[in-house]
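Please consult the sequence and structure shown below while reading.

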Amino acid sequence: MLNQDLVGLGKKRSTIREIFEYGNARAKEIGRENIFDFSIGNPNVPAPDAVRRTLLSLVENTDPVALHGYTSAQGAEPVRAKIAESLNRRFGTAYHAGSLYMTVGAAAAISICFKALTCSPEDEFIVFAPFFPEYSVFIEKGAGAKCVIVPPRIEDFQIDFDAFARCLSPRTQAVVVNSPSNPAGAAYSAETLTRLSALLQEKSAEYGHTIYLISDEPYREIVYDGIALPCPARFYPATLMCYSYSKSLSLPGERIGYVAVPDVPEFIDLYAAVCGAGRVLGYVNAPSLFQLAAAECAGETADLSVYAENRRLLYEGLTAMGYRCVKPDGAFYLFPQTLEPDDRAFCERAKKYELLLVPGADFGAPGHMRISYCVQTGQIRRALPLFQKLAEEYQ
Ligand code: PLP
């Protein structure tokens, strides 16, 4: 007997992956330069040179048995200490080695949090649409809990606090925030986080249990127009900060990130629950070599300037053509409205011009499309006339 739920999940690739594979197949037929793949969030800038130098030095100067061996499940102690120090310096937090748990990217970090905080199948996790589609998979299939979706506030993709308040219940275990977000690029201001924190504190007191905040921050360093991004953990103590080096250091395939847990007596067993969840999920330990590389390069980033230029070109180009779009504060996605209400039909039609876009329905916001602009700037320049032709079909 097989778990038919998982068979179904395995057969049904995510739409993003499906479009990505379609693009690869199409590239073989007509050449990569003729495909305008805006589907996947795979950074197109190289990792900084510090990563290369660190890896070479580690490989040349470290005992290979130690270098490639298991570390403790939560990650090597000096690695965690170094990353905690870097966080405290940059964000004024109070982490230490014992409050960090190294993970296999942000996907593992958030999966671990959902697992750690699920006590019963009735437990609920709240996400704000539009949201990273894997959240619902990790919550429902991974942790066996319920995913409650706050509908999108499409004028700015900020939190609709009335709709959010209606979603909170005594079953709420945690709320997920992702600032700046995938797919809308929306970042939360200090004012928003203050209001969020006040509401969670009020509801935690009313329900008699802590509602945790899971802050998924893989795009933390990718913000525009000089925005100072506030750190959610500074606003709400019961925050599990999930991070990944996939985007900031352009290391998505190396699978390295962490969960940072507050070390205060009130949440005494939270770290133990995170460690327990990692064990149950069989992660064993995050990749040893890349733990060391991440610690050495903590606080550094790849050259992210190309994303700012891509955002400008796309946003200005598309809005001039009549596409309606909220200007993203960060990350490397644009999330415009599609030119017909059926976003899947629109994205199908875009394929005629070899434009590969992801329907907003996959993120809980139908009537939109996600354009991932972590691509060569030349691809955007060449794609703009095609977006124009597509728009003309609707005039
Ligand atoms: N969370 C969000 C919002 C993402 O966009 C992604 C990846 O695109 C992840 C988590 C997973 O990141 P990682 O590659 O570090 O597992």
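Helix axes are lines fitted to C-alpha atoms over the stretch in contact, and angles between N-to-C directions run from 0 to 180 degrees. The model discussed here is predicted.

## Helices 6 and 7

Helix 6, spanning residues 105-116, packs against helix 7, residues 134-143, at an angle of about 45 degrees, and their axes lie 9 Å apart. The two helices are therefore oblique to each other, and their crossing is right-handed.

On the helix 6 side, the contact involves Ala-107, Ile-110, Ser-111, Phe-114 and Lys-115, which meet Tyr-135, Phe-138, Ile-139, Gly-142 and Ala-143 of helix 7. By class, these residues comprise seven nonpolar, two polar and one charged.

## Helices 3 and 12

Helix 3 (residues 49-61) and helix 12 (residues 288-296) pack with their axes 10 Å apart, at an angle of about 130 degrees. This pair is therefore also oblique, with a right-handed crossing.

Helix 3 contributes Thr-54, Leu-55 and Leu-58 to the contact, while helix 12 contributes Leu-289, Phe-290, Leu-292, Ala-293 and Glu-296. Six of the residues in this contact are nonpolar, one is polar and one is charged.

An open sheet is formed by three strands in the order 9-12-11, with antiparallel pairing. Its edges are strand 9 (333-334) and strand 11 (358-359), each of which pairs on one side only.

Strand 9 pairs with strand 12, residues 369-372, in the antiparallel sense over two bridges. Leu-334 stands opposite Ile-371 of strand 12.

Notes: Residues are numbered from 1 along each chain as its sequence is written. This is a predicted model: local features need pLDDT of at least 70, side-chain atom pairs count only at pLDDT 80 or more; totals for chains, interfaces and linings use all residues. Side-chain values use heavy atoms; hydrogens and water are left out. Helices (H or I, at least four residues) and strands (E, at least two) are DSSP runs, numbered from the N terminus. Angles under 35 degrees count as roughly parallel, over 145 as roughly antiparallel, 65 to 115 as roughly perpendicular and the rest as oblique. A crossing is left-handed if the near helix is turned anticlockwise from the far one by less than a right angle, and right-handed if clockwise. Contact means heavy atoms within 4.5 Å. Ala, Val, Leu, Ile, Met, Phe, Trp, Tyr, Cys and Pro count as nonpolar, Asp, Glu, Lys and Arg as charged, and the others, Gly among them, as polar. Two strands pair if DSSP finds at least two bridges between them.
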